[in-house]
Amino acid sequence: LWHARTTSREHALAALRTHSERSRLRLLDTTGQQLKGEDLTNAKMKRVQLQRPGNAFQRANFSSAELDESVLEAGDSSFQLACFDDSSLANARLTGGAASFQLASFANANLTGAVLNGSFQAASFHNAVLRGSKLIGSFQACDISGASFVAADLTQVDRGSLESCYFTTPPDYSSRTRFPTGFNPNYAGWHLSLIHISEPTRPRL
């Protein structure tokens, strides 16, 4: 019985590794495919650097993927409805165009030190960790419940869009968090964290 269980576990792990490697190969494919709706769940893709034309990565599923220090860039409507739930994107850079990342989800994602640039209208950052991250663009009507913005740089986020974000559990910020001019986190109901966390060192991208 023990041998049967061990063999079954080994087969499951082998299948997971095979899926991860196939996902990585699809992502690195140089044919220029847009990878719309691609299932990249659990993929191991650290330090990947690629650009995709047009509306790439729409509805792509990166759930629980490892994308630390990766660079993903695409066009105007890219990453719409993409899912990054439970993924690791530490020190990654994600860049989209004027209508990118709409309705995307980063719930429970690790975005420590990441750089996010796009239009994140109605995106979810529920319980996401954005310590030391840099956010650029619009964050209109985003769910930031329980998110951590300790030491984050939000100076290039549209102030009005940041004021439109909503939450049930207040997001954290610290004395090192930088906000757009005129935004008052205390008035907006954010929670001031007194725990000192050094800002992570970002790689040169």
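Aspartate 85 is buried, that is, under 20% relative accessible area, where over 50% would be exposed and anything in between partly exposed (1.4 Å probe, protein chains only), yet aspartate 85 has no salt bridge. A salt bridge here is a side-chain nitrogen of Lys or Arg within 4 Å of a carboxyl oxygen of Asp or Glu. The nearest side chain of opposite charge, arginine 59, is 13 Å away from aspartate 85, where Lys and Arg count as positive, Asp and Glu as negative, and His and the chain ends are not counted. This is a predicted model, in which local features need pLDDT of at least 70 and side-chain atom pairs count only at pLDDT 80 or more, while totals for chains, interfaces and linings use all residues. Residues are numbered from 1 along each chain as its sequence is written, and side-chain values use heavy atoms, with hydrogens and water left out.

Where does aspartate 85 lie? Aspartate 85 is found in the loop between strand E2 (71–73) and strand E3 (93–95), where strands (E, at least two residues) and helices (H or I, at least four) are DSSP runs numbered from the N terminus. The side chain of aspartate 85 does have a polar contact of 2.5 Å with the side chain of serine 105; such a contact is a pair of N or O atoms within 3.5 Å, of which, within protein, one must be able to donate a hydrogen and the other to accept it, and residues adjacent in sequence count only if both atoms are side-chain atoms. Leaving aside neighbours within four places in sequence, the residues in contact with aspartate 85 include Phe62, Phe106 and Ala107, contact meaning heavy atoms within 4.5 Å.

Elsewhere, pairing does occur. Side chains of opposite charge can pair when their charged atoms come close. A search of the whole structure finds five salt bridges. Aspartate 153 forms one with arginine 178, the closest N and O atoms being 3.5 Å apart. Aspartate 153 lies in strand E6 (residues 153–157) and arginine 178 in the loop between strand E7 (172–173) and strand E8 (191–192), so this pair ties together parts 25 residues apart in sequence. Aspartate 153 is buried at 11% relative accessible area, whereas arginine 178, at 48%, is partly exposed.

Another salt bridge joins arginine 159 and glutamate 163, with 3.1 Å between the closest N and O atoms. These two residues are four apart in helix H2 (residues 159–163), and therefore separated by about one helical turn. Finally, Lys44, Lys46 and Glu66 are linked in a network of salt bridges.
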